[in-house]
Amino acid sequence: MNEGDGLVARNLVKRFSKDRPSAVDNISLSVSRGEVLSIVGPNGAGKSTLIQMLLGLLVPDSGTIHLFGEDVTRHRRRIAHRINYASTDLSLPYSLTVRENLDVFALVYDLPNPRRAVTRILETFSLGDLARIRVGKLSTGQIARLGIAKALLSSPEVLFLDEPTATLDPEAAQEIRVLLQGHVRNSGLGLVYTSHNMREVERLSDRILLIESGRMVAEGTADELCRKFESSDLESVFLKSMSEARESQGITASDQKGSVCG
Ligand code: ADP
Ligand code: MG
């Protein structure tokens, strides 16, 4: 993809310590407008490190990241208002109400008509009935919904979500999925998304990037990956690809073997 179109990252490397292998080791990816890319890998694979670099919050040791043609590490200020981020790890002020939280962020984002933007996002995310409730009183699912509403308040062109449904029950996770699907369809948003839930990844993603120990294992559509790993579904793709990646790195993963179908 052309550097000017969306997000293009090439050969990213991040090593936190000399005694340990790189957390991200030569990963490249791209995301266009209206496209959903899922980054999938086991705990510690480097997903969050990768997202933090793409956001410009962590400086890569080497490699390049361009968003809308701008170099993210050098010109973060120029693109910061065009992207946003949500994660279940990120907490919102508990003593403020839902509306107050969004009002504060509308000011931070310097929106031209903050009141209208907040009202619209409350409607879109079915948060109207909760507008006067303090965040501390919300359920985990409602907080996740508010986190994503907050991130979409600024009408970003690319949204980064780090495990947005990880702590949610299936019903709350499904709500988030439906909202995201609708938003991507209607707004042309580019979405970079991490998840462990392979059924969710299957439903939401246009393309999937599989990573393990900081390295790219495979990349493609769900169909392409199923063909490549001779699997009938993404769950099997995940198990098989991770097992193969570990074998090729000489790491024994006996608990992974034999659990693969296809
Ligand atoms: P994931 O999000 O896929 O679970 P992370 O990106 O959080 O993986 O972590 C990748 C590796 O980098 C892990 O080994 C983790 O311990 C290490 N790591 C992540 N952040 C830091 C940090 N700030 N300092 C040192 N090591 C880190
Ligand atoms: Mg993580």
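Modeller: Two strands count as paired here if DSSP finds at least two bridges between them. The model is predicted.

Colleague: Fine. How do S1 and S4 pair, and over how many bridges?

Modeller: Strand S1 covers residues 7-14 and strand S4 residues 62-67; they pair in the antiparallel sense over five bridges.

Colleague: Which residue in S4 does Val13 stand opposite?

Modeller: Ser62 is the one opposite Val13.

Colleague: And S4 with S5, which sense and how many bridges?

Modeller: Antiparallel, with two bridges between S4 and strand S5, residues 70-71. In that pairing Leu67 faces Glu70 of S5.

Colleague: What about the turn of the S4 and S5 hairpin, which residue takes a positive phi?

Modeller: Phe68, with a positive phi near 50°. The hairpin has two residues between the strands.

Colleague: In what order do the strands of the open sheet run?

Modeller: The order is S2-S1-S4-S5, four strands in an open sheet with antiparallel pairing. Strand S2 (24-31) and S5 stand at the edges with a single partner strand each, so one side of each has no neighbour in the sheet.

Colleague: Switching to S9 and S10. How many bridges join them?

Modeller: Five bridges, between S9 (residues 207-212) and S10 (residues 215-220), which run antiparallel. Ile211 stands opposite Met216 in S10. These strands also form a hairpin, with two residues between them, and Ser213 in the turn has a positive phi of about 45°.

Colleague: Now the ligand. Which residues are around ligand 1?

Modeller: Phe16, Arg20, Ala23, Pro42, Asn43, Gly44, Ala45, Gly46, Lys47, Ser48 and Thr49. By type, the shell has four nonpolar, five polar and two charged residues.

Colleague: Where does a backbone N or O atom of Gly46 lie relative to ligand 1?

Modeller: That Gly46 atom is 3.0 Å from an oxygen atom of ligand 1. For Ser48, a side-chain N or O atom is 2.9 Å from a ligand 1 oxygen. Thr49 has a polar side-chain atom 2.5 Å from an oxygen of ligand 1.

Colleague: What share of the area that ligand 1 exposes when taken alone does the protein bury?

Modeller: 60% of the 560 Å² that ligand 1 exposes when taken alone.

Colleague: And which pocket is the space taken by ligand 1?

Modeller: The largest pocket.

Technical notes
Residues numbered from 1 in each chain as written. Chains lettered and ligands numbered in written order. Predicted model: local features only at pLDDT ≥ 70, side-chain atom pairs only at ≥ 80, totals over all residues. Heavy atoms only, no water. Near = heavy atom within 4 Å. Polar contact = N/O pair within 3.5 Å; in protein donor to acceptor, adjacent residues only side chain to side chain. Areas by Shrake-Rupley, 256 points an atom, 1.4 Å probe, with all protein chains shown as cover. 1 Å grid on protein atoms, 1.4 Å probe; cavity = no way out; pocket = protein on both sides within 12 Å on 5 of 7 lines; lining within 4 Å. Sits in = over half its atoms within 2 Å of the grid points. Nonpolar A, V, L, I, M, F, W, Y, C, P; charged D, E, K, R; others polar.
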